[in-house]
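Subject: Structure handover

Hello,

Here is the structure I said I would pass on. My notes on it follow below.

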Amino acid sequence: MSIKQIIIDRRSVRNFEMRPVSRQTIAELMEAVRLAPSACNKQPWAFYVVERADKLAGLRSAYNREWFATAPTVIVACGCHSESWHRAADGKDHCDIDVAIAIDHLTLLATEMGLGTCWVCNFDTAAVAKALDLPDDVEPIAMIPIGYATDAVKPDKNRKSADFITHFID
Ligand SMILES: Cc1cc2nc3c(=O)[nH]c(=O)nc-3n(C[C@H](O)[C@H](O)[C@H](O)COP(=O)(O)O)c2cc1C
């Protein structure tokens, strides 16, 4: 599949089969995550692959949606603010940008491998940190439920047009 087609096909999946995601598959996905670029190559991230029922229950209490509970695995993408690059001129922390790129690698490769994912950010961060016993400077930035979609819906790309968002300065 071309990268262009993968980008077209990726969509948020919010319903998963019970079928587990194998460790081999997770390893392939994490290889793609690992190769993501980051500011100054700091790689200020940590990814928690949550499969255990009691830990998944902890994540579900932090994001209480019926569909989220169908995911057999949730990858919690975290940023380490003490490791990320902060721009000297204004102190801007690039941690979130770095983690977002790594997540994009994950979601795109997952699409190619026939897996569904969904970004989730609207959760109680303190509850996730507690459930996973995260160190103080490690922030859970996004949860990515991952698994095999129950449906085969075509992505509905409701997006601004390229013309609208492109500004040529010529
Ligand atoms: C940073 C970010 C945070 C998001 N948080 C949530 C969320 O908490 N819950 C949810 O159901 N979807 C969440 N989404 C998914 C978006 O709603 C979805 O990507 C968008 O509507 C476009 O749809 P698509 O992913 O199917 O193309 C999030 C997406 C991004 C990029």
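Isoleucine 103 is in contact with Ala77, Trp119, Ala142 and Ile144, leaving aside its neighbours within four places in sequence. Two residues are in contact if their C-beta atoms, placed from the backbone, lie within 7 Å. Isoleucine 103 lies in helix 4 and counts as buried, with 21 C-beta neighbours inside 10 Å. A residue is buried if 20 or more other C-beta atoms lie within 10 Å of its own, exposed if 12 or fewer, and partly exposed in between, with C-beta atoms placed from the backbone. From isoleucine 103 to methionine 1 is 102 residues in sequence and 19 Å in space, C-alpha to C-alpha.

Before going further, note that this is a predicted model, in which local features need pLDDT of at least 70, side-chain atom pairs count only at pLDDT 80 or more, and totals for chains, interfaces and linings use all residues. Residues are numbered from 1 along each chain as its sequence is written.

The sheet

Helices (H or I, at least four residues) and strands (E, at least two) are DSSP runs, numbered from the N terminus. The model has an open sheet of 4 strands in the order 1-2-4-3, with antiparallel pairing. Strand 1 and strand 3 stand at the edges, each with a single partner strand, so one side of each has no neighbour in the sheet. Strands of a sheet pair through backbone hydrogen bonds, either parallel or antiparallel. Here two strands are taken to pair if DSSP finds at least two bridges between them.

Going across the sheet, strand 1 (45–50) pairs with strand 2 over 6 bridges, in the antiparallel sense. Within that pair, tyrosine 48 stands opposite valine 76, and tryptophan 45 stands opposite glycine 79. Glycine 79 also has a bridge partner in strand 4, namely glutamate 139.

Strand 2 (residues 73–80) and strand 4 are antiparallel and share 8 bridges. Cysteine 80 is placed opposite valine 138 of strand 4. Strand 3 (residues 116–117) is joined to strand 4 by 2 bridges, again antiparallel. In strand 4, isoleucine 146 stands opposite threonine 117.

As for burial, 6 of the 8 residues of strand 2 are buried, so that strand is mostly covered. In strand 4 (138–147), 9 of the 10 residues are buried, so strand 4 is largely enclosed by the rest of the structure.

Helix 3 and helix 5

Helix 3 (residues 53–62) and helix 5 (residues 125–132) pack at an angle of about 170°, their axes 8 Å apart. That makes helix 3 roughly antiparallel to helix 5. Axes are lines fitted to C-alpha atoms, for helices over the stretch in contact, and angles run from 0 to 180 degrees between N-to-C directions. Angles under 35 degrees count as roughly parallel, over 145 as roughly antiparallel, 65 to 115 as roughly perpendicular and the rest as oblique.

On the helix 3 side, Lys55, Gly58, Leu59, Ser61 and Ala62 meet Ala127, Val128, Ala131 and Leu132 of helix 5. The residues of this contact divide into 6 nonpolar, 2 polar and 1 charged. Ala, Val, Leu, Ile, Met, Phe, Trp, Tyr, Cys and Pro count as nonpolar, Asp, Glu, Lys and Arg as charged, and the others, Gly among them, as polar.

Loops

Cysteine 40 sits in the loop between helix 2 (23–34) and strand 1. Cysteine 40 is not a glycine, yet has a positive phi of about 60°. With 12 other C-beta atoms within 10 Å, cysteine 40 is exposed.

Aspartate 133, in the loop between helix 5 and strand 4, also is not a glycine and has a positive phi of about 55°. Aspartate 133 is exposed, having 9 other C-beta atoms within 10 Å.

Serine 82 is in the loop between strand 2 and helix 4 (95–112). Serine 82 is exposed, with 10 other C-beta atoms within 10 Å. Proline 44 is 38 residues from serine 82 in sequence and 8.0 Å from serine 82 in space, C-alpha to C-alpha.

The ligand

Which residues surround the ligand? They are Arg11, Ser12, Cys118, Trp119, Val120, Cys121, Asn122 and Pro155. A residue is near a molecule or strand if its C-beta atom, placed from the backbone, lies within 6 Å of it. By class, this shell has 5 nonpolar, 2 polar and 1 charged residues.

Regards
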